[in-house]
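Trainee: Could you go through this one with me, a piece at a time? I'd like to ask things as they come up.
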Amino acid sequence: MKLAIREIRAGLRSGQFSARELASRALAHAGAENPKTNAYLHLTPERALAAADAVDAQLARGEDPGPLAGVPIAVKDVILTKDIRTTCGSRLLEHYVAPYDATAIMRVEQAGAVIVGKTNCDEFAMGSSNENSAFGPVRNPVDLERVPGGSSGGSAAVVAQGTAVVSLGSDTGGSIRQPASFCGIVGVTPTYGRVSRYGLTAFASSLDHIGPFGGSVHDAAAVLEAIAGRDPMDATSAFAPVPSYTAGLTGDVRGMRIGLPKEYFAGLASETGDLIARGVDTLRRLGCEVHEVSLPHTEYAIPCYYVICTAEASSNLARYDGVRYTSRSANGETLIDMYRNTRGEGFGAECKRRIMLGTYVLSAGYYDAYYIKAQRVRTLIARDFSNAFQQVDAIIAPVSPFPAFKLGEKLDDPMQMYLSDIYTITGSLAGIPCMSVPCGATAAGLPVGMQILCNHFEEAAMFRLAHAFENSGDT
Amino acid sequence: MKITETEVRQVAGLANLSLTDTEIARMARELDDILTHVDKLNELDTTGVEPMAQVLYAAGETATWRDDIEGATLSNSCAVANAPVSGAGFFKVPRVIEK
């Protein structure tokens, strides 16, 4: 079911299909395909059909059912959906049923979208391969022997597979862009604060974003348009008005200034590097000016990120203690032993590693040396970007140093897995909008994404560039 | 050596995380590896650089103020619905006060 949002809109209006037919087809397709990829943790047929019926009723009354009317959407299982299980890919939350909807969920449903299921992910969104899920890894629909990327691997896989038209993921250090690149689709991390985090299970609050996946730039832009904007339930959500991102997709990017960070391309002699270079040639042909820029603190981004994100995670994950949300260990007589055993038995290896590192860097005697130091370095990294954006309108970069790797290939070396996040975490630390747009495939047929990064709240320019690139005929 | 097994056990205590002896040994190796990499941050002189505690400063300081008005909230039964053990509208935990 590889339909675009515009085709769904046209099909519903012409009576070619109803929203209920579309939802039923999506659910059946998802159910049939899921054993191959394990991308959905659970489907949500009742909720989907109720939403679809509401769209059909609105159409019958001659009302506008909204910009996402009837669009089957899948949601990463770290985003709360009322009365539906939200497991975060964790054994601890296997039976957790969310008591309310995330703001992004309410907004896509108000826009007419139909939630068809909750998608698999790395436990509490920690990972780059989707192998850290307590409910088994996700397989990449492009090549079932390979990972879909992570942590939003399921949300990327379902769009690539065509069992949902669009999806929502979350990105803390690359968890939307990297799986989008690995699965050959579009994935968007908006400006920090552009989308409310209310109802997004917190991993690292100063870095967490909700963002969309789509089969095209237009579809991802349409979803972001629906979910963006101020929300009183999230004090960090931004007041800046939300422009129509889809209306800005003019195809005209002449005179746009593109920056290539020299630090990113120095060591990138690979098929990925060649594909990005070809992408840059395309942008030149479309009329963009290409300049070299410098982001001098790039080499400090990984240590900076892994101090800040683990510190915040150790604090955010303290709430899973066997009292309010999670299952409880049967071992332990005292309260403290119950906490310790619940957490020790329930968390997977990656969560434990990050809780430990985060607790260590926040502990007495180390707080200034690690945590405050990393926050100062974060300022320098953000400053690198604001300096670069004085010279250029957008920065082009790789998403990942390599395409999708095989399951199990990188599991035994966490440091190597962390190092592969280098191109995505810099933008996350700066809080700027970034996205992955497909830019071709390797000789082995593995998709490669090109990253576009823009200044705060410049999503419209980012989408315009990505859309012009997508329609250049070169990919 | 950045971190010893003894320190790993202390940190696990702070984090309320029970770890097996095998996990402790592995954790010590992995944290050591990561902390060695993190040491790279000390190459930078950050004197006078503000820590980035907020991501965006664009809005005014009072932008998120609101009137103190009671709004909708979760019901008691809803709030305890996911608890492994509850009763009489409360979360139940192992005994913490001796008779």
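Trainee: Is A:Cys88 buried or exposed?
Mentor: Keeping in mind that this is a predicted model, A:Cys88 is buried, because 29 other C-beta atoms lie within 10 Å of its own and the cut-off for buried is 20 or more.

Trainee: And where does A:Cys88 lie?
Mentor: A:Cys88 is part of the loop of chain A that runs between strand E2 (72-76) and helix H4 (103-110).

Trainee: What about A:Asn130, what is its phi?
Mentor: A:Asn130, which is not a glycine either, has a positive phi of about 65°. This residue sits in the loop between E3 and H5 of chain A, and it counts as buried because 35 other C-beta atoms are within 10 Å.

Trainee: Which peptide bond is cis?
Mentor: The bond from A:Gly150 to A:Ser151 is cis, with an omega near 10°, and A:Ser151 belongs to the loop between strand E3 (114-119) and H5 of chain A.

Trainee: OK, on to H5(A) then: how many of its residues are buried?
Mentor: Nine of the nine residues of helix H5 (residues 153-161) of chain A are buried, so the helix is mostly covered. The buried set runs through A:Gly153, A:Gly154, A:Ser155, A:Ala156, A:Ala157, A:Val158, A:Val159, A:Ala160 and A:Gln161.

Trainee: What follows H5(A)?
Mentor: A:Gly162 follows H5(A), and the phi of this glycine is positive, near 85°.

Trainee: Switching to helix packing: at what angle do H10(A) and H13(A) cross?
Mentor: Their axes cross at roughly 125° and come within 9 Å of each other. As for handedness, H10(A) passes H13(A) in a left-handed crossing.

Trainee: Which residues make the contact?
Mentor: From H10(A) the contact takes A:Ala301, A:Cys304, A:Val307, A:Ile308 and A:Ala311, while H13(A) brings A:Tyr370, A:Tyr371, A:Ala374, A:Gln375, A:Val377, A:Arg378 and A:Ile381. Sorted by class, the contact of H10(A) with H13(A) has 10 nonpolar residues, one polar and one charged.

Trainee: Now the interface: how many residues of chain A are in contact with chain B?
Mentor: On the chain A side there are 55 residues, and they are in contact with 42 residues of chain B. At least two residues of that chain A side come from each of helix H10 (301-316), helix H11 (335-346), helix H12 (349-362), helix H13 (367-391) and helix H14 (414-419). H13(A) gives the largest share, 11 residues. By class, the side of chain A that touches chain B has 30 nonpolar, 14 polar and 11 charged residues.

Trainee: And chain B itself, what secondary structure does it have?
Mentor: Chain B has three helices and two strands, and from the N terminus on the order of its elements is α-α-α-β-β.

Trainee: What's its radius of gyration?
Mentor: The radius of gyration of chain B is 23 Å, whereas a compact globule of 99 residues would have one near 13 Å. The C-alpha trace of chain B spans about 50 × 50 × 25 Å along its principal axes, and buried residues make up 15% of the 99 residues in this chain.

Technical notes:
Residues numbered from 1 in each chain as written. Chains lettered and ligands numbered in written order. Predicted model: local features only at pLDDT ≥ 70, side-chain atom pairs only at ≥ 80, totals over all residues. Contact = placed C-beta atoms within 7 Å. Helix = DSSP H or I, 4+ residues; strand = E, 2+ residues; numbered from the N terminus. Nonpolar A, V, L, I, M, F, W, Y, C, P; charged D, E, K, R; others polar. Buried ≥ 20, exposed ≤ 12 C-beta atoms within 10 Å, placed from the backbone. Axes fitted to C-alpha atoms, helices over the stretch in contact; angles between N-to-C directions. Left-handed = near helix turned anticlockwise from the far one by under 90°. Rg over C-alpha atoms; globule rule 2.2 N^0.38 Å.
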